[in-house]
Every structure is written in structure tokens, then in C-alpha cells.
Amino acid sequence: IDVAYTSRLKRAIRSTWILLQELNLIHLPVYKSWRLNERMYGALEGLSKPVMAMIEGESLVQQWRSGLDIRPPPMARDDPRWAGNNPIYDDLERGSIPLTESLADCMERTLPVLESRILEDLRAGRNVLVVAHGNSLRGSVKHIDGISDDDIERVGIPTAIPLVFQFDLNLTPVQLPGAAGPLRGEFLER
């Protein structure tokens, strides 16, 4: 690993520290980007799935969680849970911090850091570690693997299981020896 990327959320930052420490690579640069943060669930932010289901109904919550373009109710800007009220985001324009996001919004948010930083590091021949969250990683995987809008709704990114991508010179993912198949086949939820 030559460089690491993570979100600005504590759990991803801590995971990055642990990984780099265990690999004896604590000297590596770590780029923290809000674009790799988990999806913003709006007014439902911080609630567990069972609590969301009790409040809004299980069917609607499942649509929000897996649907591509459906957004949960927005969070109010004066809500203390809104990221715009956290000083770690003071460097961002308040208008760029979402009040709610669909899966498509979250995926679109990740693209600038993927295209302008991560893929550039890969083009330069660097090995890159990305420690992020299920939905922001789904956006990157969708882009890298060319997964369709319909299929991405059924792709689940496993927690705490590394996904290894190897690329050819054109940054096209190549099948690793012994791998079961492309990611879209490996992690489709049933």
C-alpha cells in the first residue's frame, strides 16, 4: 500500500489506523474525504433499521435502503445531527452537505474523489487502500465494474472483508487468479 483514503467518519478513520498499524505502514499518507462518508439518511440518520421500520414501515425503509433514486425525508439544517453543524466540515460550503441522499446521490458524491484522486494514484502505479462505508463503496464499485443501475440495487458490500481489485494499464479490473468471479456475481444479495 502506498496511500490510503478514508471518510471523515470516526469508524472509518479508526479502521484505517488499525489496518496501517497492523501492516507497519503508519507512515503512509492518509487522505480523508467527506465524499467517502456513508450515505446521509436524512431525518432517519442515526436510527437503527428496526426503529426506522417502526416509524416509517418496513417496506418504505427497504425502498430507501436499496432503491437507487428514493430519498428518505430530509434532515433540518438546525438538527444537531446534520454534518453541516459539525466543525470537521467547516472547510466545505454548507450547500454541498446533503440533508438527505438517495443511493444515486451518494454514488455521485463519491465520483470526484474516485476520479480525481484514487484513480490518478492507480494510474501512477500506486497501490491504494480505501476504507469507507457500504454505500460509498457501492458507488465506487458500480463505477469501476460497470454495474448497471438495476444490478447495483442488489449488490451488498461486506463489512470488514477486504475487496481486492487489480487493474490493467487501462484501469480495467482484471480477474484475480483463484477469484470466484466479478464482484457483481460475488456479492449479489438474494
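Predicted model: local features only at pLDDT ≥ 70, side-chain atom pairs only at ≥ 80, totals over all residues.
The packing of helix α2 against helix α3 is considered first. Helix α2 spans residues 49-56 and helix α3 spans residues 58-66; their axes approach to within 7 Å and cross at roughly 125°. This crossing angle falls between the range counted as roughly perpendicular, 65 to 115 degrees, and that counted as roughly antiparallel, over 145, and α2 and α3 are therefore oblique to each other. On the side of α2, the contact is formed by K49, M52, A53 and E56, while α3 contributes E58, L60, V61, W64 and R65. By residue class, the contact of α2 with α3 comprises five nonpolar and four charged residues, with no polar ones.

Within α3, the residues V61, W64 and S66 are buried. V61 and W64 are also among the residues through which α3 meets α2. The cover over the buried residues of α3 includes α2 together with α4 (103-123) and α5 (134-145). Helix α5 also contains S140. The relative accessible area of S140 is 10%, and this residue is therefore classed as buried. With residues up to four places away in sequence left aside, S140 touches T110 and L114.

Aromatic contacts were examined next. A pair of aromatic rings is described by the distance of the centres and the angle of the planes. Two aromatic pairs are found in the model. One of them joins Y5 and Y31 in an edge-to-face arrangement, with 5.4 Å centre to centre and 70° between the planes. Because Y5 belongs to strand β1 (residues 3-6) and Y31 to strand β2 (residues 30-32), the pair ties together parts that lie 26 residues apart in sequence. The two tyrosines are assigned to separate burial classes: Y5 has a relative accessibility of 1% and so counts as buried, whereas Y31, at 28%, counts as partly exposed. The other pair consists of F165 and F167, whose ring centres are 6.2 Å apart; their planes meet at 15°, so the arrangement is stacked. For F165, the relative accessible area is 28%, so this residue is partly exposed.

The ring of Y31 takes part in a further interaction, with a charged side chain. R117 is placed over the face of Y31, at 3.7 Å from the ring centre.

Conventions:
Residues numbered from 1 in each chain as written. Heavy atoms only, no water. Axes fitted to C-alpha atoms, helices over the stretch in contact; angles between N-to-C directions. Helix = DSSP H or I, 4+ residues; strand = E, 2+ residues; numbered from the N terminus. Parallel < 35°, antiparallel > 145°, perpendicular 65-115°, else oblique. Contact = heavy atoms within 4.5 Å. Nonpolar A, V, L, I, M, F, W, Y, C, P; charged D, E, K, R; others polar. Phe/Tyr/Trp six-rings, centres within 6.5 Å; stacked < 30°, edge-to-face > 60°. Buried < 20%, exposed > 50% of the residue type's maximum accessible area, 1.4 Å probe, protein only. Lys NZ or Arg CZ within 6 Å of the ring centre and 35° of its normal.
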